[in-house]
Amino acid sequence: MNKLLLLPKLSVMGIRKNGTSYFPYIMAGSFSVFIFFVFASILANDIMYTLPRSSYALMLMRIGQILLGLILLPFIVYANSFLIKRRKKELGLYSILGLDKKHIAAMMAWESLIIFSIVMIIGITFGLVFSKLMFLMLLNLTSLSVSASFGFSPVAFYQTLLYFLAVYGINLVMNIIRVFRAKPNDLLTGAKKGDREPKHLWLTAVSGLVLLGMGYTISITSKLDSMIFMNFFLAVSLVIIGTHQFFKAGLPAFLKILKSNSRIYYKKTNFVTISGMLHRMKKSASSLSNICIFSTMAIITLLCTLSLWRGTDSMMYFQNPFDAVIIFNDTEFGNRAELDNKLLELADASNVKITGRIDYTCQVLLTVINGNTFAVPEPESTAYDSDVIRLILLDDYNAMENTNETLDDNEVFIFTSGPDLKYDRIILGTKTFDVKKELDSAVFSRKADNNTFNPEYYMVVSSTDVMDKLLAEFGSAADRGRRYTIMFNLTGQENGKDNYVNSVSSWCESQPGFYNLTNGVAGKLRTLSMNGGLLFIGIFFSIIFTMCLVLIMYYKQITEGYDDRDNFDIMQKVGMSDAEVKGTIRKQILMVFYSPLVIALLHTMAGFNMIVRMFNALSLFGTGLIIRCGLIVAALFTVLYGFSYSYTSRTYYGIVKQMKTDVAAERSIA
Amino acid sequence: MALLEVNNVKKVYSTRLGGNKVHALNGVTFSVEKGEYVAIMGESGAGKTTLLNILATIDRPTDGQILLEGKDLATIPQRELAAFRRDNLGFVFQDFNLLDNFTIQDNIFLPLVLAGTPLEEMKRRLEPLARKLGIEEILQKYPYEVSGGEKQRTATARALITNPKIVLADEPTGALDSKASSRLLKLFAEINKEGQTILMVTHSINAASHAGRVLFIKDGCVFHQIYRGNASNEEMYTMITDALTVIQTGGMKNE
C-alpha cells in the first residue's frame, strides 16, 4: 500500500471502527454547525436590518449567537476528550506496532480533517436548506413583516467555518498533546484506572452544600428590585459550582458515611449497591454534574419560553393598557376642543376608530414613602430617589368610572398598581387623611399583587382646594402644573393604528404644554417582537441543551457498559445469581442516571421564585400561569429524559451482552 | 464415597449459525477424594476451561453427570445455583477477578456478605486467613493499589473464607511472575495439607508438580494420570514432563 495513503486510511478506519461513539459525535457536530450557521445567516442578512422594529430581534439573535459559541465549544471539546480516552488502547497498539508519535499525530490530523469536513458539509447543507425557513419562523414569531428574499450569505459561511475550525483545531491540539505526553505502555493499559479519591473530599462536600444553599437562598428570598438580574446570575453561578462539587464530593461523602457504618454497609442488599454507587459516582462526577446542569438549563429555558409565549397577552395588557396615552401640562395647554377635533380628523385619515377614551387631570407629587407616611422629600432629590403619587379629583374619578362616590375633605380613595396597601389612614406631608376605600381596580391603571417594584400610587381627593393645599406644602416636589391625561384604545388595521398614533404624536408635539405621549401600539409590537425573539432563541437553546445532555448521557452509558462487562462476570462467579447481578446493576445505573434529573428538578423548584420575580420585572404577573408552564415543562422533560435514558441504555445493555456472546464465542472456539 | 465424581461428561457447542458442532468435552470421567490436590493439564483447546466452568456450575454439560458429595449438580434449580456456588465452591482465577470498587477486605468479605454472615463472624474468619496468606497489611487498600501476587492471595482468601468443599483454581499462576508463583503454590500446598480439597487447571508444569495427582486431558478426554506417591516436587516435575512428551508423540501417532 502506498505509504502516503496509509495514514488517511488508518484514520478512516479509526472513525468507522469506533462508529458507535463517533456517529453521535458527528451528528451533534453537524447539528451545532447547522444552528450556528442559521444564527449567523440571519444576523448577516441585510434584510433583517431594513425591517422596522427588528432591533430587539437582532439584539437577541446576537446575544444568542455569542451564547451559542460559548456553550458549543466546551461541549464539543468534552465529547472529543471522551472519544480519545476510549481509543487510548488502539493508539497504544499503533505506537507499539511502529507508528511514530508524529505519525499518530498526523493520523489524528487526518481524522480531525475528515470529521470537520463531514460535519461542515452536513451542517451547512441543512443550513442552506432550512435557514430560510428558520428566518421566516423568526419573522413570524417576532411579528415582523414577512420578507421572502433571504439568500446564502458568504459572511455567515465564513463565520461558521472559522468558529468550527477553531473548535476542531483545539480538539486536535488537545489530542496531539495527549498522544505526545503518553508512553505507549500507558496508552495500552490506560483504559483501566482506579478511582482516585477527590482531594479534600469533606471540605469540597461541605462547601458544595454551602454554595448550593447560598444560591437557593438568594433565589428563594429574591424580591422584585433593581438587583434581580444581577442576583440571578450570582445564584446561577453559585448553583453551577455547587452542583459540580455536590456530584464530585457531596454524594460520595454521603455514601462514605453509609459505608463507614458497618451495620448498614455489611448488609447483603447494601454492600454491593453502596460501594458500586461510590465507585460510579467518583468516575462519573463531571458527566453527572454536566448532565444535571444541562437538564436544569433546558428545563428553565423551556419554562421561560413557554411562559413568555403563553403570557405575551397579559404582558401587553400590563405594559400598555392603552394604545395611546397623551399627557399635557394642564395650565399651559388651552384648547381641548381643537385636540378633540384633531384626534377625530386624524383617525378618519388613518382609517381607525377611537374607543374607550378616558380623560382626567392629576397632580403629581414626589414623596418619600415610609409605611403609610408620604413625606415631603429633601429639596435636591429627584424623581429617581423618590416615589411618585398622583392625585385625582373626585369629579374626574366619578366621570371616568361612571360612579357617584362622595368624599369629605379629610377622606381619600387610594389605588396602587402593586399589592394592597391596607391602610386605614395615610399621612401626606403634615395632613392626615382617612382612607375611605382602597380601590381594587381602576380604568386608568392595572393592578397586580406581585408588582412590587416601583408600583404607581393614586389618590382620589375631594376637591381642588385639598389638592392646592397639598401642592403648597410639597412645594418644589410637586409638578408645577397639573397634568391633563387622555388615554384611549383603537380599532382598525395594525398599520393604521401605528400611523395614527405617530401622526397624533407629531401634532401634539407642536402644541403648547405637551408633556408626553406613549405609543401603546408600537409598545405592543415591541413586546411581540421581543417575546418572539426570545421564543425563537429559547426553542433552539432548549434543543441544544437537550442534545448536549443526551450525548453526555450516551457516552456515559458506553463507559459504564464497558466497566460493568467485567464486573457482571466476577459477581456471578463469586456467588450472585444472574438475576441478582442484573437487579443490583440496574438499580445502580438507574440511581446514577436519574440523580441529575432529581437535582435538576430541585434546582428548578428552588429557582422558581426568582423566575417568577424576573417575569414580574417584564410585567408578566400571572404566577399561576408560570406554575402551570413549570409543571408542564417538568413533566415533559422528565418523559423526554426517561426516553433518552432508555434509548441510550440500550447501548449499555448491548455492550454488556456483547461481552456475554464474546465469551460464548470464545468457548465455542475452545 | 468420593467428594467429587465426574461421570462421562460431554459438552458440545454448536456455532452461532448452527452449522459445525464442536466437541469440547468427549466423555470425561474422574473423581476427587476429600483432601486431594488434583491438577488438570492439557494444551490450550483441550477443554480444560470448559470442564472447570461445568464443575463451577457456570456452564451445563450436554451429557453426563457430576456429583458433589453424592448430589447431582444437574438437579439444582437455576435460581439456587448462585447460593450453591457460594456455599460449596471457592474460585481462584487467572486474572484474579477482584472488584475494583471494593477494598481488599471487602473483596474477601463479598461471598460472606451475600450469604448474610454477621460482621463479627466475618472478621473472626478473616484474621487467621489474612495472616496465613500474608495480606494483613493491605486489607484496607484497593485492588489497583497492590501487586499481582497480592491480588491472587486476596482471591485465594476470598475462595477460602466460605470454607468451601472444594477450591477450583483456573491457571492461578498464569498472570504471576515466578517468585509470586512459587509463593502461591507453596500456599496452596499448605492449605491442602490442612485438609482443603483443591482442583487446579493449569498448563504450567511447575504448578502441576505441586499437586498430589495430575490428570491429562487431550481432545476432550482424560488421557492419562500420574500419582505423586512419595515423590518430591522435582521428581513430580520430571514425571509430568515425561508424560507430556509421551502424550504429544502419542498424539502424533493418533493423527
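In which sense do strand 1 of chain B and strand 4 of chain B pair, and over how many bridges? In this predicted model, the two strands pair in the antiparallel sense, over 5 bridges.

**View 1. The antiparallel sheet of chain B.** Four strands of chain B form an open sheet in the order 2-1-4-5, and the pairing is antiparallel. At the edges stand strand 2 (21–32) and strand 5 (71–72) of chain B, each with a single partner strand, so one side of each is left without a neighbour in the sheet. Helix 1 (residues 48–55) of chain B packs on this sheet and touches strand 1 (4–14), strand 2 and strand 4 of chain B, while the direction of the helix makes about 60° with that of strand 2 of chain B. Where strand 1 of chain B pairs with strand 4 of chain B, Lys10(B) has Asp63(B) in strand 4 of chain B as its bridge partner.

View 2. Strand 4 (residues 63–68) of chain B pairs with strand 5 of chain B in the antiparallel sense over 2 bridges. Leu68(B) has Lys71(B) in strand 5 of chain B as its bridge partner, and Leu67(B) is partnered in that strand by Asp72(B). The two strands form a hairpin with 2 residues between them, and in the turn Glu69(B) has a positive phi of about 50°.

View 3. Strands of a sheet pair through backbone hydrogen bonds, either parallel or antiparallel.

**View 4. Helices 5 and 6 of chain B.** Helix 5 (residues 148–160) of chain B and helix 6 (residues 178–193) of chain B pack at an angle of about 20°, with their axes 9 Å apart. The two helices are therefore roughly parallel to each other, and their crossing is right-handed. From helix 5 of chain B, the contact takes in Gly148(B), Gly149(B), Gln152(B), Arg153(B), Thr156(B) and Leu160(B), which meet Ala180(B), Arg183(B), Leu184(B), Leu187(B) and Ile191(B) in helix 6 of chain B. By class, the residues of this contact divide into 5 nonpolar, 4 polar and 2 charged.

**View 5. Helices 4 and 17 of chain A.** The axes of helix 4 (residues 55–86) of chain A and helix 17 of chain A come within 10 Å and cross at roughly 5°. That makes helix 4 of chain A roughly parallel to helix 17 of chain A. Among the residues that helix 4 of chain A brings to this contact are Leu60(A), Met61(A), Ile71(A), Phe75(A) and Phe82(A), whereas those of helix 17 of chain A include Arg526(A), Met530(A), Leu534(A), Ile537(A), Ile544(A) and Tyr555(A). The residues of the contact divide into 15 nonpolar, 3 polar and 1 charged.

**View 6. The contact between chain A and chain B.** Here 20 residues of chain A are in contact with 29 residues of chain B. Helix 12 (268–319), helix 17 (520–574) and helix 19 (623–669) of chain A each supply at least two residues of the side of chain A that touches chain B, and the largest share of that side, 6 residues, comes from helix 12 of chain A. By class, the side of chain A that touches chain B has 7 nonpolar, 9 polar and 4 charged residues. The model as a whole scores ipTM 0.75 and pTM 0.80.

**View 7. Confidence along the two chains.** Chain B averages a pLDDT of 87, with 96% of the residues scoring at least 70, and the mean pLDDT of chain A is 84, with 92% of its residues reaching 70 or more. In chain A, confidence is lowest in helix 8 (residues 184–189) of chain A, at a mean of 61, and highest in helix 9 (residues 201–220) of chain A, at 92. Over residues 664–670 of chain A the pLDDT is below 50, and this stretch has 9 contacts in the model beyond near neighbours in sequence.

Terms used:
Residues numbered from 1 in each chain as written. Chains lettered and ligands numbered in written order. Predicted model: local features only at pLDDT ≥ 70, side-chain atom pairs only at ≥ 80, totals over all residues. pLDDT = per-residue confidence, 0-100. Contact = placed C-beta atoms within 7 Å. Nonpolar A, V, L, I, M, F, W, Y, C, P; charged D, E, K, R; others polar. Axes fitted to C-alpha atoms, helices over the stretch in contact; angles between N-to-C directions. Parallel < 35°, antiparallel > 145°, perpendicular 65-115°, else oblique. Left-handed = near helix turned anticlockwise from the far one by under 90°. Pairing = 2+ DSSP bridges.
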